[in-house]
Amino acid sequence: MTASQLEPTGTEVRQPILQARNLVKTFGRVVGLDGVSLDLYPGEVLAIIGDNGAGKSTLIKCLTGAEVPDSGELFVSGQPVHFKRPQDARVHGIETVYQNLAVSPALDVASNLFLGREERVAGPLGSIFRVLDTKGMRRKAKEELTRLGISTLQDVTVPVENLSGGQRQAVAVARAAAFGSKVVVLDEPTAALGVRESNQVLQLVRDLRDRGLPVILISHNMPHVFDVADRIHIQRLGKCAATITPQSHTMTDAVAIMTGAATA
Amino acid sequence: MTQQQTAGPPAAGKQTDLAEEFLDRRTPLSRIRNILHRYPAVSPALVLLIAVIVFGLLNDRFLRVENLSLITQQVSVVGILAIAQTLIILTAGIDLSVGAVMILSSMVVAQLAVNNGLPAPVALLAGLIVGLAAGALNGFLVTRFRLPPFIVTLGTLNIFIAVTLLYSNGATVRGSAMPGLLTWTGSTFPVGPVRISTGVVVMLLLYIAIAFILGKTAWGRHVYAVGDDKEAARLAGIAVNKVLMSVYLAAGAVLAIGAWIQIGRTNAASPNAGVDLNLDSITAVVIGGTSLFGGRGSVWGTLLGALIVGVFRNGLSLAGLDVLYQTLAVGVLIILAVSIDQWIRKVKS
C-alpha cells in the first residue's frame with residue numbers, strides 16, 4: 001500500500017486522490033446537492049459535517065457510487081470516473097464503512113473481512129470445485145488486523161456478534177482498509193459507540209491516515225471531528241458552506257457555520 | 001497532528017484494552033454458548049446419542065442392526081426434504097411447499113414413464129425440471145415481488161397440490177408398473193449382516209454434497225450472509241436476489257431427487273402421499289439446530305434432527321407406547337430446540 005505520502009501541510013502542489021466538481025443531485029423538486037466540490041488529498045482525514053438534510057449523505061453516496069449525480073464530475077487521481085454502482089467505486093479503491101456496519105453477525109471475523117470477495121484455493125480444487133481458501137483468508141485477516149494494531153484480536157474465527165460494538169466497527173474498518181487502496185469513507189463510525197469504543201475507532205482512523213490512506217469521515221460528533229480531522233467540509237443547504245481546519249476555527253464557529261449563524 | 005495526544009487511549013494501551021474486553025466475555029456459560037453457536041450440530045448430536053442409549057436400554061430390539069437400518073429408511077424421504085428446507089431456512093425463509101413439490105414431481109415422473117411410455121431417464125429428467133420450475137416460481141415471487149416466503153409457499157403449496165390432483169386425476173401409479181430405474185431407490189443391498197437401501201445412500205451422498213457446498217464455497221457463505229443480514233450482505237457486494245433465486249432452484253432440484261426416493265420407498269407414486277411432509281421437514285431442521293431466523297445452522301444438524309425424530313418414533317413404538325406419545329414427544333422436542341436456539345442467539349452483547 002502507499003506507505004509514505006506527502007504530508008498534508010499545504011503549500012506544495014499536490015494531486016488530490018479524490019476530486020468532486022460541481023456535483024448536483026436532485027430528488028424530484030428537492031435539491032440534495034447544489035453544486036458541491038470537494039478535494040481529498042493523500043494522507044489526510046477530511047471530515048464532513050452538516051445539519052440533517054444538509055446533503056452529507058447524498059454527497060457521500062455520490063462519491064461512493066450509491067447514487068449517481070445529475071451533473072458534475074468525479075476524478076480519482078486526476079482521472080475522470082463515473083460510478084453507477086458501489087462496486088464501481090470499489091474497483092477504483094474507494095471503500096465505504098456504512099453506518100449500519102454491513103457486517104454479518106453470525107459469520108466469523110475472517111469471513112466478514114472477505115465477504116463478497118472470497119478467495120479460492122489454487123489449482124483444480126479451487127477452479128472446478130470452487131473450494132474456499134479458508135486458511136489463507138484467516139491468515140490474511142490476522143495480518144490485516146495486526147497491521148491496524150488490533151493484534152490482540154487474534155481469534156479471527158469468532159463470530160462478529162460475540163464482539164463489542166467497537167470491535168465490530170474495527171472489523172468493518174479493517175475490511176475497508178484491507179481493500180480500499182485509495183480512500184476509506186466512514187459514515188458515522190462512532191454514532192452507536194460508547195466513549196472507550198469511540199476512542200478505539202478514532203485511533204484506527206489516525207492509524208489509517210498515518211499509513212497514508214486518506215479518510216473521509218462523516219460525523220455529528222463535533223469533539224470527534226475536531227479530534228481527528230485535518231480539514232472539515234461543512235455542508236449547508238446542499239452546498240459547501242466552508243472548508244475549515246480545527247486550527248483555524250473553534251467548534252462553536254463550526255456549529256455557527258453549519259446552522260447559518262455565521263460564514264467562514 | 002497535534003490532536004493526537006489529546007484524545008483516545010495512548011497507542012500502547014489500546015491493544016490491551018481490546019484484549020481485556022475480548023477475554024472478559026469468556027465466562028463458562030458463554031463458552032458453552034459459543035461452542036453451541038459455532039457447532040450448531042452439537043446439541044442435536046447429544047440428544048440423538050442419549051435417545052439411542054435410553055431406547056436401547058428400554059428394548060433389546062431397538063439396537064439391532066435391522067431396526068437401525070429400518071429407521072434410516074424411514075427417515076430417508078423426510079431427510080431429503082429437510083435438505084431443501086435447510087437451504088431455504090438458512091436464508092431466513094421457510095418453504096411450506098416442499099412436500100407438494102416432491103409429490104408433483106413424483107407424479108410427473110411416474111405418469112410419463114407408465115402412461116406415456118417415456119424412458120425412465122427422460123421421465124426422471126422431467127421430474128427434475130418440474131422441481132426446478134417449482135423452485136423458480138417460489139424464488140421469483142420471493143425476490144421480484146418481495147413477498148414473504150411463508151405466504152408465497154403457502155400459496156404454491158395449494159397450487160401444487162391442486163395441479164398434482166388435476167394432472168393425476170387422483171390416481172396412484174403402482175411401482176410394479178414402473179421401469180426398474182424408478183423404484184431402484186427402494187432396492188436394498190447387503191452390507192455384512194444388514195441390508196442398506198439405495199435411497200438411504202443417495203440421501204447421505206446428497207448431505208455430503210450440500211454440506212460441502214455450504215461449508216467450502218463462496219456461494220455457501222453467501223447463503224449464510226443473506227440469511228443473517230440481507231442488507232449487510234448487499235452492502236458487502238453480494239447479489240442478494242441471485243443468491244435467493246439459486247437457493248430456491250437448488251431446493252427444487254433436491255426435491256426432485258426426493259421424489260425419486262419417495263417412489264422407491266413407497267413403491268408407488270400417490271398424489272395423496274405425504275401432505276404433512278412439509279411440517280416434518282421443518283421439524284427436522286429446527287430440531288437439528290438451524291435457526292428459523294436464518295444464517296445459522298448446518299445440514300448435518302438437519303440429518304441429526306431427522307434421525308432424532310425417527311429414533312423417537314421408532315423407540316417409543318417399540319417401548320409399546322401409543323402413537324400419540326410419539327407426536328407429543330416430537331412437539332416437546334421442537335419447543336426445546338427453538339428455546340435453545342433463542343438462548344444461543346442471546347450471545348449478542
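# A tour of chains A and B

Start with chain B, which has 15 helices and four strands. Helices (H or I, at least four residues) and strands (E, at least two) are DSSP runs, numbered from the N terminus. Residues are numbered from 1 along each chain as its sequence is written, while chains are lettered from A and ligands numbered from 1 in the order in which they are written. This is a predicted model, in which local features need pLDDT of at least 70 and side-chain atom pairs count only at pLDDT 80 or more, whereas totals for chains, interfaces and linings use all residues.

## Confidence

Colour chain B by pLDDT, the predictor's confidence in each residue, from 0 to 100. The mean for chain B is 87, and 91% of its residues reach 70 or more. Select helix α1 (residues 11-24) of chain B, where confidence is lowest, at a mean of 44. Then select helix α6 (residues 120-144) of chain B, where confidence is highest in the chain, at 97. Over residues 1-24 of chain B, pLDDT stays under 50. For that stretch the model has 31 contacts beyond four places in sequence; two residues are in contact if their C-beta atoms, placed from the backbone, lie within 7 Å. The scores of the model are ipTM 0.75 and pTM 0.83.

## Chain B as a whole

Zoom out to chain B. Its C-alpha trace spans about 85 × 55 × 35 Å along its principal axes. Of the 349 residues in chain B, 48% are buried. A residue is buried if 20 or more other C-beta atoms lie within 10 Å of its own, exposed if 12 or fewer, and partly exposed in between, with C-beta atoms placed from the backbone. Among the contacts in chain B with a separation of 6 or more, 76% are between residues 24 or more positions apart.

## A helix pair in chain B

Select helix α9 (residues 198-216) of chain B together with helix α14 (residues 299-318) of chain B. They pack at an angle of about 145 degrees, with their axes 9 Å apart. Axes are lines fitted to C-alpha atoms, for helices over the stretch in contact, and angles run from 0 to 180 degrees between N-to-C directions. Show the side chains of B:Y207, B:I210, B:A211 and B:L214 on α9(B), and of B:V299, B:W300 and B:L303 on α14(B), which make the contact. By class, this contact of α9(B) with α14(B) has seven nonpolar, no polar and no charged residues. Ala, Val, Leu, Ile, Met, Phe, Trp, Tyr, Cys and Pro count as nonpolar, Asp, Glu, Lys and Arg as charged, and the others, Gly among them, as polar.

## The largest nonpolar core

Next, select B:V109 and B:I308. Of the 172 residues in the largest nonpolar core, these two touch the most other members. Such a core is a set of buried Ala, Val, Leu, Ile, Met, Phe, Trp, Tyr and Cys residues joined through C-beta atoms within 7 Å. Helix α12 (residues 240-266) of chain B gives the most to this core, with 14 residues. Leaving out residues up to four places away in sequence, B:I308 touches B:P44, B:V47, B:L48, B:A51, B:I287 and B:L333.

## The four-stranded sheet of chain A

Move to chain A. An open sheet of four strands has the order β2-β1-β4-β5, with antiparallel pairing; two strands pair if DSSP finds at least two bridges between them. At the edges stand β2 (30-40) and β5 (79-81) of chain A, each with a single partner strand, so one side of each is left without a neighbour in the sheet. Five bridges join strand β1 (residues 18-27) of chain A to strand β4 (residues 71-76) of chain A. A:A20 has A:L74 as its bridge partner in β4(A). Helix α1 (residues 56-64) of chain A lies across β1 and β2 of chain A, at about 120 degrees to β1(A).

Stay on β1 of chain A and select A:N22, which lies in this strand. A:N22 is not a glycine, yet has a positive phi of about 50 degrees.

## The six-stranded sheet of chain A

The last stop is an open sheet of six strands in chain A, in the order β6-β7-β8-β3-β9-β10, with mixed pairing. Neighbouring strands of this sheet are turned by 20 degrees against each other on average, direction ignored. Strand β3 (residues 45-50) of chain A and strand β8 (residues 215-218) of chain A run parallel and are joined by four bridges. Helix α6 (residues 165-179) of chain A lies across β6 and β7 (183-187) of chain A, running at about 175 degrees to β6(A).
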